Amino acid sequence: MSDKNYILAIESSCDDTGAAIIDGNKIISNVVASQKIHEIYGGVVPELASRAHQQNIVPVVDQALKQANINKKELKAIAYTRGPGLMGSLLVGGSFAKSFSQSLDIPLIEVNHMQAHILANFIEDANDEKPTFPFLCLTVSGGHTQIVKINNYFEMEILGETIDDAAGEAFDKAGKILNLPYPAGPIIDKKSKIGDPTKFQFAKPKIEGLNFSFSGFKTSILYFIQKEVKANPNFIEENIDDLCASIQHSIVNILMEKLKKASDETGIKQIAIAGGVSANSEIRQRLKDGETEFGWKTFIPKFAYTTDNAAMIAMVGSLKFDQELFTENTVKSVAKYHI
């Protein structure tokens with residue numbers, strides 16, 4: 001019998017099908033199948049996403065086992081994303097995980113997707129150093145923007161969150177206004193590198209406390225572009241790099257101001273980042289700059305662990321396995337699942 005605690009993790013919350021194998025906090029394999037079909041629609045189509053998960057999940061799990069060079073009988077537990085996410089997509093991953101754990105007669109472990117983004121910072125090769133408790137985490141993704149205080153692995157407190165659009169949605173909706181392909185975030189980031197971030201100014205949300213709002217910001221971009229294009233039909237094409245840089249700079253400013261406020265109010269100087277939008281180069285740089293500007297100690301996971309992936313689900317699965325926090329087979333997937 002192997003002395004390794006191999007855990008298989010499955011992630012299927014949105015439009016990426018992921019499977020990973022972990023032992024302790026070391027990722028042995030991490031496989032992701034992305035869905036390109038959504039690009040032509042300018043956003044994720046839930047029905048198409050769940051169908052693609054059904055097609056991808058068996059080959060992705062098979063590939064994860066092969067890359068780890070282990071047999072399914074060596075697995076000690078199955079972890080999976082219970083929520084939050086698209087219900088149809090969650091059901092595919094959840095159903096597979098339940099049946100697989102039952103057939104192998106090994107424990108089932110349910111994972112909160114947002115907790116997993118945060119705890120990805122504890123994967124062995126995610127960072128040079130690991131945060132110590134308590135720390136703050138700015139979680140930014142397509143569907144969520146949150147500032148979370150982490151007291152221990154499973155005790156987290158949301159200090160602030162978006163009351164409407166998430167930061168990722170702000171990037172994608174701005175991209176749509178600029179006629180950029182979906183997903184627009186990485187394209188805006190790339191073009192920002194050669195644009196002037198101070199060229200254009202957009203409305204800044206006036207939200208009290210540590211909450212965020214991006215709907216008014218998005219509307220101000222729309223009205224500004226409509227006005228300029230009316231005067232000059234080629235305005236977007238002639239100013240695309242400066243527009244991208246200005247939009248990105250504005251979004252990052254909103255995020256950083258709230259994060260600085262949270263740090264000041266709590267007195268916590270350990271700052272981590274998580275979620276797909278944390279792959280953005282300006283966010284990562286501004287967070288790093290906070291070390292000299294504000295005396296922060298920052299934790300920025302490598303790119304592979306920021307977007308939706310099964311490695312982060314595996315990390316939570318491993319932590320729960322150590323504490324024997326197992327799940328009944330009857331537990332239901334949930335589209336909304338609070339930390």
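I started at Ala9, which stands opposite Ala79 in β4. The model is predicted. I then looked up the strands behind this pair. Strand β1 covers residues 6-11, and it pairs with β4 in the parallel sense over five bridges.

Next I checked burial in β4. Nine of the nine residues of β4 are buried, so the strand is largely enclosed by the rest of the structure.

I moved on to the neighbour β5. Strand β4 (residues 75-83) and β5 pair in the parallel sense, again over five bridges. I noted two facing pairs. Tyr80 stands opposite Glu110 in β5, and Thr81 stands opposite Val111 in β5.

How many residues of β5 are buried? I found five of the five in β5 (residues 108-112), so this strand is largely enclosed by the rest of the structure. I sorted the side chains by direction. Leu108, Glu110 and Asn112 point one way from β5. Ile109 and Val111 point the other way, and all are buried. I recalled the general rule: in a regular strand the side chains alternate between the two faces of the sheet.

I turned to the open sheet of five strands, ordered β8-β7-β6-β9-β10, with mixed pairing. Its edge strands are β8 (155-161) and β10 (297-299), and each pairs on one side only. Neighbouring strands here are turned by 25 degrees against each other on average, direction ignored.

β7 and β8 pair in the antiparallel sense over six bridges. In β8, Glu155 is the bridge partner of Asn152.

Which helix lies across β6, β7, β8 and β9? I found α7 there, running at about 160 degrees to β6.

**Helix α4**

I finished with α4, residues 167-177. Buried residues in this helix are Ala167, Gly168, Ala170, Phe171, Ala174, Gly175 and Ile177. I compared the spacing with the general rule: an α-helix has 3.6 residues a turn, so residues three or four places apart point the same way.

What do the buried residues of α4 pack against? I listed two strands, β6 (135-140) and β7 (145-152). I also listed three helices: α5 (185-192), α6 (215-231) and α7 (235-266). I then read past the end of the helix. Asn179 follows α4, and its phi is positive, near 65 degrees.

Methods: Residues are numbered from 1 along each chain as its sequence is written. This is a predicted model: local features need pLDDT of at least 70, side-chain atom pairs count only at pLDDT 80 or more; totals for chains, interfaces and linings use all residues. Side-chain values use heavy atoms; hydrogens and water are left out. Buried means under 20% relative accessible area, exposed over 50%, partly exposed in between (1.4 Å probe, protein chains only). Helices (H or I, at least four residues) and strands (E, at least two) are DSSP runs, numbered from the N terminus. Contact means heavy atoms within 4.5 Å. Two strands pair if DSSP finds at least two bridges between them. Axes are lines fitted to C-alpha atoms, for helices over the stretch in contact, and angles run from 0 to 180 degrees between N-to-C directions.
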